[in-house]
Amino acid sequence: MASAALKDELDIVIPTIRNLDFLEMWRPFFEQYHLIIVQDGDPSKTIKVPDGFDYELYNRNDINKILGPRSSCISFKDSACRCFGYMVSKKKYIYTIDDDCFVAKDPSGQDINALEQHIKNLLCPSTPNFFNTLYDPFREGADYVRGYPFSLREGVPTAVSHGLWLNIPDYDAPTQLVKPLERNTRYVDMVLTIPKGTLFPMCGMNLAFDRELIGPAMYFGLMGDGQPIGRYDDMWAGWCCKVICDHLGLGIKTGLPYIYHSKASNPFVNLKKEYLGIFWQEEIIPFFQSHIFSKDCTTVQKCYVELSKQVKEKLGKVDPYFVKLADAMVTWIEAWDMLNPPNKDSANASTK
């Protein structure tokens with residue numbers, strides 16, 4: 001078997017409450033990589049993992065033991081618990097996938113190696129400062145078009161690769177309710193950089209990122225058990241990551257690769273989780289759009305802590321939940337630094 005790209009530099013993080021039979025179909029693509037499985041829910045339940053995979057598994061008891069009082073920042077009974085896996089990893093790159101995501105096929109009928117495409121996205125630069133109308137100029141068969149400034153053609157380091165989904169689209173509950181039978185069958189062969197100053201709704205079910213560049217900002221917030229909101233975990237992380245990437249001169253790509261999203265979640269349950277977020281979002285988005293970091297923010301950690309103070313001050317007026325979330329953001333950074341002691345030559349220093 002040929003050696004997989006970055007097999008010693010990348011961990012695959014999977015949050016789950018069930019046996020991981022879905023890994024069988026991913027075996028040709030995942031078997032050479034190390035898996036970090038974050039078990040949600042009842043820690044006394046045994047999760048079965050198919051033979052032949054190299055993995056470590058953490059349940060709630062493990063999280064409490066490793067982080068102590070700081071474990072309060074890790075969500076319970078919500079897939080947001082996956083970010084604990086980001087924290088304990090010692091690798092440069094992370095790929096995270098949900099357990100209802102299957103191998104998709106491209107238009108020619110070939111299985112799509114999603115991880116391989118994510119790696120390609122991460123290893124070549126992004127172009128957030130000027131839009132290229134042929135999309136990613138670093139893909140085979142593409143380049144910078146006429147009129148693209150030569151001074152910007154080096155691009156910037158890519159921090160995040162955001163993949164998409166065939167079959168069940170990632171819709172909110174109101175859209176699910178009015179379009180219950182809608183399926184995404186459109187395969188668009190495209191990767192593009194999200195422009196600087198533009199926010200996007202990040203989905204965590206098919207996502208890769210460079211831990212050293214942006215890891216401390218990949219906090220999926222307080223969701224699930226005991227919290228007034230759910231299904232905004234990945235989007236919160238995406239908004240935080242995007243404004244920090246814009247400030248530090250990093251890029252985020254979206255598009256390929258596709259996975260096959262096999263299962264639609266219950267729209268009525270989703271509506272209960274989302275309904276506060278649907279209102280709050282109208283305050284949250286302008287908050288991120290208008291946020292400006294101070295010049296002291298030269299690392300992801302410094303950016304994130306400063307952002308947390310603004311969350312408390314400005315979004316705390318929207319609801320007391322944001323005061324609690326802001327405190328959890330600080331706790332998350334403390335826990336991250338405890339498990340990943342920063343060094344003087346920190347790789348996430350400003351690249352500007």
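**Aromatic cluster**

I began with the aromatic side chains and found that Tyr232, Trp236, Trp239, Trp280, Phe287, Phe288, Tyr321 and Phe322 form one cluster, where rings of Phe, Tyr and Trp (its six-membered ring) pair if their centres lie within 6.5 Å, and planes under 30 degrees apart count as stacked, over 60 as edge-to-face and the rest as tilted. I noted that this is a predicted model, in which local features need pLDDT of at least 70 and side-chain atom pairs count only at pLDDT 80 or more, while totals for chains, interfaces and linings use all residues. Residues are numbered from 1 along each chain as its sequence is written, and side-chain values use heavy atoms, with hydrogens and water left out.

By the pairing rule I have a count of 21 aromatic pairs. I looked up phenylalanine 30 and tyrosine 95, an edge-to-face pair with 6.1 Å from centre to centre and 70° between the planes. Phenylalanine 30 belongs to helix H1 (residues 23-30) and tyrosine 95 to strand S4 (residues 93-97), so this pair ties together parts that are 65 residues apart in sequence; helices (H or I, at least four residues) and strands (E, at least two) are DSSP runs, numbered from the N terminus. Phenylalanine 30 is buried at a relative accessible area of 0%, and tyrosine 95 is buried at 0% as well; buried means under 20% relative accessible area, exposed over 50% and partly exposed in between, with a 1.4 Å probe and protein chains only.

Tryptophan 236 sits in helix H7 (residues 233-248) and phenylalanine 288 in helix H8 (residues 267-290), so the pair ties together parts that are 52 residues apart in sequence. Tryptophan 236 is buried at 3% relative accessibility, and phenylalanine 288 is buried at 2%.

**Around helix H1**

Which residues of H1 are buried? I listed Leu23, Trp26, Arg27, Phe29 and Phe30. The cover over the buried residues of H1 includes strand S1 (10-16), strand S2 (34-39), S4 and helix H4 (114-123), with contact meaning heavy atoms within 4.5 Å.

**Valine 156**

I then turned to valine 156, which is in the loop between H4 and strand S6 (158-167) and is buried at 13% relative accessibility. Valine 156 and leucine 248 are 92 residues apart in sequence, yet their C-alpha atoms are 9.9 Å apart in space. Leaving aside neighbours within four places in sequence, valine 156 is in contact with residues including Pro125, Pro128, Gly249 and Leu250.

**Backbone details**

I checked the peptide bond from leucine 256 to proline 257 and found that it is cis, with omega near 10°; proline 257 is in strand S9. Lysine 77 is not a glycine but has a positive phi near 60°, and I placed lysine 77 in the loop between helix H2 (60-67) and helix H3 (83-88). Is lysine 77 buried or exposed? At 53% relative accessibility, lysine 77 counts as exposed. Asparagine 167 also has a positive phi, of about 80°, but asparagine 167 is in strand S6 and is buried, with a relative accessible area of 14%.

**The whole protein**

I ended with the totals: the protein has 10 helices and 9 strands, and 53% of its 352 residues count as buried.
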